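Welcome! Please take a moment to look over the sequence and the model below, and then we can walk through them together.

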Amino acid sequence: MIARMLPGVIAIAKAVHEGRTTAVEQARSAILRIRAMDPVINAVTRLLEARALSEAAAVDAKRAAGLDPGPLAGVPYGVKDLFDVSGLPTTAGAAMRRSAAVATADAEAICRLRAAGAVLVATLNMDEFAYGFATINACWGTTTNPHDPTRLAGGSSGGSAAAVAAGMLPFTLGSDTNGSIRIPASLCGIWGLKPTHGGLPMQGVFPFVNSFDDIGPMTRSVADLAAVTAVLSPEGSSPSKGTPRIARLGGWFADNLHPDLAIALSTLDAQLGGLPIVELPNVEQARSAAFLMTAAEGGHRHLPALRTRALDFDSATRDRLIAGAALPVAAYRDADLFRSLFKKQVADLFTRYDILIAPTTVGPAPLIDDPMIEISGKRVPARANLGFFTQPLNFAGLPVVAAPLGFSAGLPLGVQLVGAPGSEARLFDFAASLEARGLLGLGHDGAVLVKA
C-alpha cells in the first residue's frame, strides 16, 4: 500500500517549472491514486476533482504565458477537513456540520498555497472536532494505517498523514492542538511540523482550543516540509547559527517506551556521540493542565450545541465535551497560571540547549480492533492517551518537527525534535543533517531507516 517512488514537493514543482510535466498531469495522477488507494485507507472525505483541474490549468496557463507559476507550481495537496474551502461546508469531522453554511472564502493557508501554485485536491478525515488521537470518525469512518490497514493512522490529523504515507499526495495540511500532527506523522512514518504557537495562519480554520491550536504541513522529506512552511510563513523563523547544542529528554520521556523504540532512540543517541539527558520540570502536571484546559475550552465552545443537539455528536466526543464544560472556571484559571510558570521553566532549559530529542508516541500504531496502549503498566484508550509525549510540548507553545525514526515489526516509530519558540529554521537544518546521514527519514525505496 506504500507508494515507493512518488516524487516529492520540490521535485514536482521543479518538473513543472522545467516543462517536464504539467500541473494538470500531476492533478490527474493524484486523483487516480486517491481513487485506487483510498477505499482501503479511507483518508479522503471529499475529492475536489473539478477545483483541482481548474487550479492546475491556471498554473499551466501562467507558465505558458512566461510568468512564474510559484514555488509549489503544480504540487497537489489535501487539507484536514477543518480548513475553510470556498463553496463547501467546513465539517470539522462532524456529521452535524455537513449541512452547515458553506465557506465564502478559502482559509488563509489555502490562499497562500494557491498563490504559490499548489493545487488543492481533497479534504481529509479527522477525529470529530479534532478531539482525539485516532481518526475514528462516527460519520466518515476510521482511517487506516498505510503500513498495516488493521492499525490506526493516529489523529486527529490521521487522514492527512495517511494520504502522504500511502503516496496519494506529496503533502497535506493538518492541525495540532495536543499532538494531532506529530502523532499520526510518526505512526505513519512521515515528517510533520507543529510550529511555534501562532506561527502559521489560523484564519479560516475551525477552532478547537485557542490556547493550543496550530496548523502545519506533513511531507515525506524534511526539505519538502521546509518548502511548504516557507510558503505558509514567508517571514520565516530565526536563522540557524552555529552548531546546535543537543540534549535528550529523560524522565517522563524515557518511561513507558516500547522496547524497539527504546533501542532506536539509544541508537540515535549513540550516533550523535552520546547526549546529555535532561528533564522538563513539572511535566506530569503540564500534561494534566493541558488536558484540563483542552476539555474546558472545547466543552464551552460546543456548549450551545450540547444543550440543543447532544445526540448529533459522536458519543465519545460528546461525553468528553460535556465533562469539560462542567469543569469549574477556577480550575481552568489555575491551569493557565501554571502554564505561565511552566513556559518560564522551559525557556530556562533552552538557555542551555537548542534542540531536545524525545519520542513521539510510546510505540507503534495500535490495532483498530483493540485501540489501547500501555502506560505505567495499565492499558488505556489510545484515542485519549496517544498524546502522552506531545501534550506537554503544546502546553509550552514550542515548535516541534516529527521525524521517522525506525520500524518495529514493519510499523513506523517516530521522534520529536523540539526547539525554543521561533527556532523552526534550526530544527529544519538539524533534521536535514540527520536525514542526510540516514539517521532519520525515508529511504529512496520508501523504507524508514535507522543506521546501526
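This is a predicted model: local features need pLDDT of at least 70, side-chain atom pairs count only at pLDDT 80 or more; totals for chains, interfaces and linings use all residues.

The average pLDDT of the protein is 95, and 96% of the residues score at least 70. Residues 444–452 have a pLDDT below 50, and this stretch makes 34 contacts in the model beyond near neighbours in sequence.

Let us start with helix 3, which runs over residues 49–64. Its 16 residues reach 22 Å from the first C-alpha to the last, close to the 22 Å expected at 1.5 Å a residue. Which residues of helix 3 are buried? They are Arg-51, Ala-52, Glu-55, Ala-56, Val-59 and Asp-60. These residues sit on the same side of helix 3, because they cover an arc of only 170 degrees around the axis.

What do the buried residues of helix 3 pack against? Their partners are helix 1 (9–17), helix 2 (23–41), helix 4 (108–115) and strand 3 (119–124). On the face turned away from the buried side, helix 3 carries the exposed residues Ala-50 and Ala-64. Just after helix 3 comes Gly-66, with a positive phi of about 85 degrees.

After helix 1 comes Gly-19, whose phi is positive, near 80 degrees.

Now for charged side chains. Side chains of opposite charge can pair when their charged atoms come close. The count for this model comes to 18 salt bridges. Glu-55 and Arg-51 are separated by about one helical turn, because they are four residues apart in helix 3. Glu-55 has a relative accessible area of 3% and is buried, and Arg-51 is buried at 18%.

Glu-55 also forms a salt bridge with Arg-114, with the closest N and O atoms 3.6 Å apart. This pair links distant parts of the chain, since Glu-55 lies in helix 3 and Arg-114 in helix 4, 59 residues apart. Arg-114 counts as partly exposed, at 43% relative accessibility. A network of salt bridges links Arg-51, Glu-55, Asp-106 and Arg-114.

Elsewhere, Lys-194 and Asp-214 meet through their side chains in a salt bridge of 3.3 Å, N to O. Lys-194 lies in strand 9 (residues 191–194) and Asp-214 in strand 10 (residues 214–219), so the pair ties together parts that are 20 residues apart in sequence. Both Lys-194 and Asp-214 are buried.

We can turn next to the nonpolar side chains. In soluble globular proteins, nonpolar side chains tend to be buried together. The largest nonpolar core here has 141 residues, and those with the most contacts inside it are Phe-83, Leu-113, Phe-171, Leu-280 and Leu-356. Helix 2 supplies the largest share of this core, eight residues. Which residues does Phe-83 touch, leaving out those up to four places away in sequence? They are Thr-90, Ala-107, Ala-109, Ile-110, Leu-173, Gly-174, Gly-204, Val-205 and Ile-215.

Our last stop is a loop residue, Leu-275, found between helix 8 (259–271) and strand 12 (277–278). Is Leu-275 buried or exposed? Leu-275 is buried, with a relative accessible area of 15%. Apart from neighbours within four places in sequence, Leu-275 is in contact with Ile-246, Ala-247, Arg-248, Asp-269 and Ile-357. Leu-275 and Ser-240 are 35 residues apart in sequence, and their C-alpha atoms are 20 Å apart in space.

How values were computed: Residues are numbered from 1 along each chain as its sequence is written. Side-chain values use heavy atoms; hydrogens and water are left out. Helices (H or I, at least four residues) and strands (E, at least two) are DSSP runs, numbered from the N terminus. The expected span of a helix is 1.5 Å times one less than its number of residues. Buried means under 20% relative accessible area, exposed over 50%, partly exposed in between (1.4 Å probe, protein chains only). The arc is that of the directions from the helix axis to the C-beta atoms. Contact means heavy atoms within 4.5 Å. pLDDT is the predictor's confidence in each residue, from 0 to 100. A salt bridge is a side-chain nitrogen of Lys or Arg within 4 Å of a carboxyl oxygen of Asp or Glu. A nonpolar core is a set of buried Ala, Val, Leu, Ile, Met, Phe, Trp, Tyr and Cys residues joined through side-chain atoms within 4.5 Å.
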